Amino acid sequence: MADLKTDFAGIESPNPFWLASGPPTNTYGQVAKAFDAGWGGAVWKTIGEPIINVFSRYGSVDLGATRMMGFNNIELISDRPVADNLKEIAEVKRNYPKHAVIASLMVESTQAAWHEMVKRTQDTGADGIELNFGCPHGMSERGMGSAVGQVPDYTCQIVEWVKEVATIPVIVKLTPNVTDVTYIARAAVKGGADALSLINTINSIVSVDLDTFAPAPAVGGKSSHGGYCGPAVKPIALHLVSAVAGDPQVKIPISGIGGIATWRDAAEFIALGAGSLQVCTAVMHYGFRIVEDLIDGLANWMDERGHRTLAEVRGRALPHVVKWEDLDLNYHLIARIDQNTCIKCELCWTACEDGAHQAIRRLERGQPETGNGQPVVEIIEEACVGCNLCAAVCPVQGCITMERVPNDFAPVTWKEYAAGTGKLAPRSEHFHTASWERSR
Amino acid sequence: MADPAPVLSDELLERNFADIAPPLTRDYALLEATKCLFCHDAPCTLACPTHIDVPAFIKKIATGNLRGSARVILEPNPFGHSCARACPVEVLCEGACVLNDRDEQPIKIALLQRHATDHVLAHKLKLFEPGPPTGKKVAIVGAGPAGLSCARDLRRFGHAVTVFEAKPQPGGLNTYGIAEYKLKGDVALAEAQDILDLGVELRLTITIGRDVPFDQLLADYDAVFVGVGLGRTKGLGIPGEDLPGVVDALSFIEALKTHPYRETRVGKRVVVVGAGNTAIDAVTQAKRLGAHEATIVYRRGENDMPCFRYEYELARRDGCGFRFHATPRRIIGNRAVTAIEVGTPAGAQVVPCDMVIIAIGQGVRDELQLPSNHPKVFTGGDGANGGAEIVNAAAEGVAAAARIDAMVSGR
């Protein structure tokens, strides 16, 4: 059985699954219940000077019948007194000594304020501190959250202040609302951060009510931009995690956050370099119980593939992430349609014809030669550029596959080709710029 | 038989006995799994006698964790393979699905369960292991769902298990008595074998109470679980019952399930007496074997039939006939059946037929006299509950294993 034990910058937990700082980690009762359900750690909802929240705080994006594909919030940090939060953190840690308990902090940007908060937090016995430099809404208007995390100098300065008094690992939580996250990551490293976590939520307006013209979540007919999260943001998070994990100037552990809802998502984050995983939206949707399949699915996959520890998986995808100019131009693919499983919806033809390279031939439906069992679509091999679009739109799994077309040419990258070394293999070229009728 | 129906072509027979609910494609399974709301305290789970955590196993299908999904199913229900095919889900999990309250089709729980558990059979996954040996020995009478469910968990607890089975094959009614279009014999046997592979000793063609006295088991083992089925089909007790062409439903179905389809002959006109689920299995299969007419004769009315509504609808779709308020009086024929006379509110009527299948329920087994309230004797399955579903037998077998474990371990 795969070993999921996690040591993240010295913070130990029975598995890599932590609750991200947010509504599910607001109280002792929630965190204790989560640990009982199997969560390995929890990052407490951000503690700071108690705030006052608005009513109506969450906006949701459905995709067809799928609820909460994306999700945003205009909720602020904890509205509970600092002392209450710290007391409960101490209690959780006392009752769950083997679980990771991390305090997320956000205070005004002065050395004294940070010193005091860090010292008080450490007295609880918490395993680590996460600095919330990421929330894009509300707190940023007051000079905190992403207002700090968007400026490398501010990030470095506050991390330095924290590290002056910190005796436990300090994790810096990064905002994705920047031009290049690696600059912020490097600033955190320079300030002495022990680890990074990313991504925080993405600035967003999820929808507008077309009767009232109020964006969601509406507060008396008005709203504000909020932090976007949920399954929709996973691709952005994966990229930013890989960018930071692959940066030679950032050699500290990374906690992956952003749209993790299944064990597959988790495995992908680990493969791109994450040392632990933080989950919030999926728990807000389905509850703490989802951790059972996160653990079970990840362990089963690791067992099937012979990975014994998380370390054996961590970062395995990073060498596969390269610059575009290092990709092989002589690696050619072609789409193949399995006519036995094709259900003749012609979505591939429509997509290829209008949206790609006009590389699918469509035969008239209902003609004798396209009767039962006869194909209605076929790939025009000399025109196919192997782009994947037809396979992406095909509603039948495995019906359209992309197959390697071997050639006798050595691999050549753009970098090499532009420098005049290496030869391009003959490739599909098909442009119908003159007359679309004729080119059919 | 006076006038047997011509044997259908092998191709047609294969089609007629193909799975009535074919397996889901991967696409469909994913679509269906994604539709599940993942209810808390889910009514489907409550409705299942083995309380499979249905939303959990469906969620695992959606995440691609089929091994984990199958384990969620098979942990509480060792007969998850056959239940996926033969469980009356319309009145259990699927009937309880909250989507019914939204005027939608319920989640296809049975087919999703099959999707997950088929993965186990296809890849020969071993999800369970025997426990460390305890030195305790348990005898089990009957290798049906109750007995083998009990056997599986006793092996997981580490107890030695010997199962005595009267028939030449394990699986009980799964192997011998479920309509072929619901559950094929090879699946029933594979499911049984998976349990036997945990190190269960199986002794076939031994009838306890006849070949071996029950007291012998009490002397030789630390506990005995009796998971026998019911006895023979009850007779009608009317003249002509011994004529050639009169068979009991279970013998008819057993012959069909243990021989090539073409070897089980039916009359051109078949009358099935009774209106329970076994009667439906008999009448639909007689029709699917090629009977020109297959008719249920039932002494009471349409709304009194003990069969499930969807079974009735299936028989209707198969083109089977129904004669209500018709009580069999005598079976007519010289050397073979030619008709059955029934009493109706309008007086006696003669229904011409070439075959009569009797399906009015089974009696209790008479060869096995159990000591009452013996501390070492545990029971479950049809013989104990009077005849219920596979899932009930599995639940009872699993529950008995826990009680037996507590008893032999001195807890």
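In the predicted model described here, β6(A) and strand β12 (residues 226-229) of chain A pair in the antiparallel sense over three bridges; strands count as paired if DSSP finds at least two bridges between them. Within this pairing, N73(A) has G227(A) of β12(A) as its bridge partner. Strand β6 (residues 66-73) of chain A is also joined, by five bridges, to strand β5 (residues 58-63) of chain A, and these two run antiparallel. L63(A) stands opposite T66(A) of β6(A). The hairpin of β5(A) and β6(A) has two residues between the strands, and G64(A) takes a positive phi near 60 degrees there. Helices (H or I, at least four residues) and strands (E, at least two) are DSSP runs, numbered from the N terminus.

Residues are numbered from 1 along each chain as its sequence is written, while chains are lettered from A and ligands numbered from 1 in the order in which they are written. Because the model is predicted, local features need pLDDT of at least 70 and side-chain atom pairs count only at pLDDT 80 or more, whereas totals for chains, interfaces and linings use all residues.

Chain A contains 15 helices and 18 strands. Its division is into domain 1 (6-320) and domain 2 (325-439), with bounds that come from an automatic or database domain assignment. The centres of domain 1 of chain A and domain 2 of chain A, taken over C-alpha atoms, are separated by 42 Å. Along the principal axes, the C-alpha atoms of chain A fill a box of roughly 80 × 55 × 45 Å. Of the 440 residues in chain A, 44% are buried; a residue is buried if 20 or more other C-beta atoms lie within 10 Å of its own, exposed if 12 or fewer, and partly exposed in between, with C-beta atoms placed from the backbone. Contacts are pairs of residues whose C-beta atoms, placed from the backbone, lie within 7 Å. Among contacts in chain A between residues at least 6 apart in sequence, 73% join residues at least 24 apart.

The largest nonpolar core has 99 residues, of which L19(A), I102(A), I129(A), V172(A), L196(A), V241(A) and V244(A) touch the most other members. A nonpolar core is a set of buried Ala, Val, Leu, Ile, Met, Phe, Trp, Tyr and Cys residues joined through C-beta atoms within 7 Å. Helix α10 (residues 291-305) of chain A gives the most to this core, with seven residues. Leaving out residues up to four places away in sequence, V244(A) touches V181(A), T182(A), A185(A), L196(A), L198(A), V250(A) and I254(A). A second, separate core of 78 residues includes F57(B), C87(B), A110(B) and A151(B).

Between the chains, twelve residues of chain B are in contact with 13 residues of chain A. On the side of chain B that touches chain A, the elements giving two or more residues are α2 (26-35), α4 (54-62) and α5 (66-74) of chain B. The largest share of that side, three residues, comes from α4(B).

Within chain B, three strands form an open antiparallel sheet in the order β9-β10-β11. β9 (327-333) and β11 (347-352) of chain B each have a single partner strand and stand at the edges, so one side of each is left without a neighbour in the sheet. From one strand to the next, the twist averages 25 degrees, where axes are lines fitted to C-alpha atoms, for helices over the stretch in contact, and angles run from 0 to 180 degrees between N-to-C directions. Six bridges pair β9(B) with strand β10 (residues 337-344) of chain B, and P328(B) has V342(B) of β10(B) as its bridge partner. G333(B) is found in strand β9 of chain B and is partly exposed, with 19 other C-beta atoms within 10 Å. Not counting residues up to four places away in sequence, G333(B) touches A2(B), G240(B), L243(B), G245(B) and T338(B).

In helix α13 (residues 249-258) of chain B, the buried residues are A249(B), L250(B), F252(B), I253(B), L256(B) and K257(B). They cover an arc of only 160 degrees around the axis, which puts them on the same side of α13(B); the arc is that of the directions from the helix axis to the C-beta atoms. The elements covering the buried residues of α13(B) include α10 (173-176), α11 (185-196), β5 (246-248), α14 (277-289) and β12 (355-358) of chain B.

Key
Two residues are in contact if their C-beta atoms, placed from the backbone, lie within 7 Å.
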